[in-house]
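Please read the dialogue below beside the sequence and the model.

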Amino acid sequence: MLVQELTELPAKKVRVALEGADDLVLYRGEIRKYHIEEGTELPEEVYQDIFYNVIGKRAKKRAMHLLEKMDRTERNLREKLRLNGYPEKLIDDAVEYVKRYHYIDDLRYAENYIRFHQDRKSAQGLKLDLMKKGVAKELIEQALLEEYQSNEQEMIAQILQKKGYFSGEKLPAEQQRMYRYLLRRGYKSSDILHVMKLT
């Protein structure tokens, strides 16, 4: 395959644009090692070797490094690897690799997230957060069953107390505003009405 263009990148890297194949991002030393030059042919077997044995290994190492720093969802890990310029096929391979060793586990991520945030958020609020992070709905439901222990009526009462809701008479407009505020935070209508004594 034809090497169409070599583009200098930061950190002593070079993007290799190829005809009919994924671009390769290599270090300058690797460009020299494989004798890659613009306008020359890169043999298929050399391309495959670079793709899987050089960049593929690098993608797996990068995935491991990202997971050392913090627990991530699969979607977040994929996004980070895309930002680093890895081809989709190698991202798939890297994700499968870390999954095989349980370095990434969306159920564990959801359970930890719920355990840590449940004192401040409703079950619905946690569910929406986790869905935005790319966790599958069935894993979120399973994690909520396992981990969620908060009493939402008590949480509503604490919020109302902080907002000074129980001091003095409340006008219907104020009641409605507070009711909508709590709904937006993911609390159930029946729980809100019960605590606000509007039922």
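Q: Which residues do ring pairs link into a cluster?

A: Ring pairs join Tyr47, Phe51 and Tyr52 into a cluster. This is a predicted model, in which local features need pLDDT of at least 70 and side-chain atom pairs count only at pLDDT 80 or more, while totals for chains, interfaces and linings use all residues. Residues are numbered from 1 along each chain as its sequence is written, and side-chain values use heavy atoms, with hydrogens and water left out.

Q: How many aromatic pairs are counted, and by what rule?

A: A pair of aromatic rings is described by the distance of the centres and the angle of the planes. Rings of Phe, Tyr and Trp (its six-membered ring) pair if their centres lie within 6.5 Å; planes under 30 degrees apart count as stacked, over 60 as edge-to-face and the rest as tilted. By this rule there are five aromatic pairs. One of them, tyrosine 47 with phenylalanine 51, is stacked, at 5.6 Å centre to centre and 25 degrees between the planes.

Q: Where do tyrosine 47 and phenylalanine 51 lie in helix α2, and is tyrosine 47 buried or exposed?

A: Helices (H or I, at least four residues) and strands (E, at least two) are DSSP runs, numbered from the N terminus. The two residues are four apart in helix α2 (residues 44-69), so about one helical turn separates tyrosine 47 from phenylalanine 51. Buried means under 20% relative accessible area, exposed over 50%, and partly exposed in between (1.4 Å probe, protein chains only). Tyrosine 47 is buried, with a relative accessible area of 6%, and phenylalanine 51 is buried at 4%.

Q: What kind of pair do tyrosine 97 and tyrosine 101 form?

A: Tyrosine 97 and tyrosine 101 form an edge-to-face pair, with 5.2 Å centre to centre and 65 degrees between the planes. Tyrosine 97 is partly exposed at 24% relative accessibility, and tyrosine 101 is partly exposed at 46%.

Q: Where does a charge sit over a ring?

A: The criterion is that NZ of Lys or CZ of Arg is within 6 Å of the ring centre and within 35 degrees of the ring normal. Arginine 120 lies over the face of phenylalanine 116, at 5.6 Å from the ring centre. Lysine 163 lies over the face of tyrosine 181, at 4.6 Å from the ring centre.

Q: What is the phi of lysine 12?

A: Most residues other than glycine have a negative phi. In lysine 12, phi is positive, near 60 degrees. Lysine 12 belongs to the loop between β1 (3-9) and β2 (13-18), and counts as exposed at 58% relative accessibility. Histidine 102 also has a positive phi near 60 degrees; this residue is in the loop between α4 (88-100) and α5 (106-117).

Q: Which residues of helix α7 are buried, and where do they fall?

A: In helix α7 (residues 137-147), the buried residues are Ile140, Ala143, Leu144 and Glu147. Seen down the axis of α7, they fall within an arc of 100 degrees (taken from the directions from the helix axis to the C-beta atoms), so they line one face of the helix. Glu138, Leu145 and Glu146 are exposed on the other side of α7.

Q: In what order do the strands form the sheet?

A: Two strands pair if DSSP finds at least two bridges between them. Three strands form an open antiparallel sheet in the order β1-β2-β3. β1 and β3 (24-27) stand at the edges with a single partner strand each, so one side of each has no neighbour in the sheet.
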